[in-house]
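Here's a friendly walk through the structure shown below. Have a look at it first, and then we'll go through it piece by piece.

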Amino acid sequence: TGNAEDCTACPAGQFKALVGTSACVACPSDSNTWHFATTGLSATTGNVAAYQCMCDKGHYGVIEGTSSVSGGTCENCPTGQYKADVGTERCIACPANSDAPTESDAASDCSCNAGFEGYIHGDDRTVGQCNKCPTGKYKNLYEAYDESGWSTGSTGNYRCVACPKFSNTVTPGTWTALEQKTMASECLCQPGYEGTITGAESTTD
């Protein structure tokens with residue numbers, strides 16, 4: 001008993017700073033012993049300090065300490081933000097008039113809010129923007145398209161939908177055209193036409 005072959009590297013996601021028989025220590029939640037190399041990102045083994053633990057994608061924070069974690073945690077990126085890299089960087093805000101779920105790990109997780117349309121894509125940096133639905137159109141939420149036209153995709157990256165024929169998005173009782181409408185029921189019949197338009201994502205006459 002007691003030869004060098006009995007010592008094995010701490011597995012990925014663990015570390016040990018002290019000499020002796022103590023067990024390796026797990027990194028805090030939502031972190032790992034990440035390493036950047038020319039071949040890409042990987043989790044390394046044989047780590048010797050707590051500060052080698054780095055927050056996962058979609059999480060932010062700084063892990064401190066050597067033989068034990070003396071400070072720091074990895075927190076979820078909040079709604080409306082994302083983080084596509086591991087490490088200590090802060091989460092990045094989605095473009096104006098868009099949102100993303102908590103723990104988002106790519107720019108493409110951002111999607112346009114109701115009343116706005118656009119195609120947001122990218123990994124660590126967003127490409128695209130969200131624009132108001134123009135007069136005569138609305139968008140409740142989730143019918144997706146990409147740069148080539150209609151398709152399935154990230155929730156929120158949808159074109160605005162046209163109001164039914166002979167209706168428009170206007171101020172009730174006037175003919176003042178309005179933008180950024182979110183409900184089919186906000187389409188109102190033009191002068192000379194009657195009817196009630198109902199619905200949210202689509203119209204029912």
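Let's start with two cysteines: both Cys112 and Cys130 are buried, where buried means under 20% relative accessible area, exposed means over 50% and partly exposed is in between (1.4 Å probe, protein chains only). A disulfide joins Cys112 to Cys130, with 2.1 Å from S to S; the term stands for a pair of cysteine sulfur atoms within 2.5 Å. The torsion about the S-S bond of Cys112 and Cys130 is about -85 degrees, so this disulfide is left-handed. The pair links distant parts of the chain, 18 residues apart: Cys112 sits in strand β14, and Cys130 in the loop between β15 (116–117) and β16 (131–132).

A word on what you're looking at: this is a predicted model, in which local features need pLDDT of at least 70 and side-chain atom pairs count only at pLDDT 80 or more, while totals for chains, interfaces and linings use all residues. Residues are numbered from 1 along each chain as its sequence is written, and side-chain values use heavy atoms, with hydrogens and water left out.

## The chain as a whole

How many helices and strands are there in the protein chain? There are zero helices and 22 strands. Both kinds of element are DSSP runs, numbered from the N terminus: helices are H or I with at least four residues, and strands are E with at least two.

The protein chain has 205 residues, and buried ones make up 34% of them. Its accessible surface comes to about 11500 Å², and 49% of that belongs to carbon and sulfur atoms. These areas come from the Shrake-Rupley method with a 1.4 Å probe, and for residues only the protein chains shown count as cover. As for contacts (heavy atoms within 4.5 Å), take those in the protein chain with a separation of 6 or more: residues 24 or more positions apart account for 40% of them.

## A hairpin to look at

Now find strand β4 (residues 34–37) and strand β5 (residues 40–43), which pair in the antiparallel sense over four bridges. To count as paired, two strands need at least two bridges between them, as found by DSSP. A hairpin of two residues joins β4 to β5.

## More cysteines

A search of the whole structure finds eight disulfides. One of the pairs is Cys94 and Cys110, joined with an S to S distance of 2.1 Å. Their link is left-handed, with -75 degrees about the S-S bond. Cys94 lies in the loop between β12 (92–93) and β13 (98–99) and Cys110 in the loop between β13 and β14 (111–112), so the pair ties together parts that are 16 residues apart in sequence. Cys94 is buried at a relative accessible area of 11%, and Cys110 is buried at 0%.

Cys163 and Cys187 form a disulfide too, at 2.0 Å from S to S. The torsion about their S-S bond is about -75 degrees, so the disulfide is left-handed. This pair also links distant parts of the chain, 24 residues apart, with Cys163 in the loop between β20 (161–162) and β21 (167–169) and Cys187 in strand β22 (residues 187–189). Cys163 counts as buried at 11% relative accessibility, and Cys187 counts as buried at 1%. What about Cys189? Cys189 is in no disulfide, and the nearest cysteine sulfur, that of Cys187, is 9.4 Å away. At 26% relative accessibility, Cys189 counts as partly exposed.

## Around Asn47

Is Asn47 buried or exposed? Asn47 is buried, with a relative accessible area of 5%, and its place is in the loop between β5 and β6 (54–55). Its side chain reaches the backbone oxygen of Thr44 at 2.8 Å. Leaving aside neighbours within four places in sequence, Asn47 is in contact with Cys10, Gln14, Phe15, Lys16, Thr33 and Gln52.

## One salt bridge

The whole structure holds one salt bridge, meaning a side-chain nitrogen of Lys or Arg within 4 Å of a carboxyl oxygen of Asp or Glu. Lys181 forms a salt bridge with Glu186, and their closest N and O atoms are 3.3 Å apart. Lys181 counts as buried at 17% relative accessibility, whereas Glu186 counts as partly exposed at 25%.

Terms used
A polar contact is a pair of N or O atoms within 3.5 Å; within protein, one must be able to donate a hydrogen and the other to accept it, and residues adjacent in sequence count only if both atoms are side-chain atoms.
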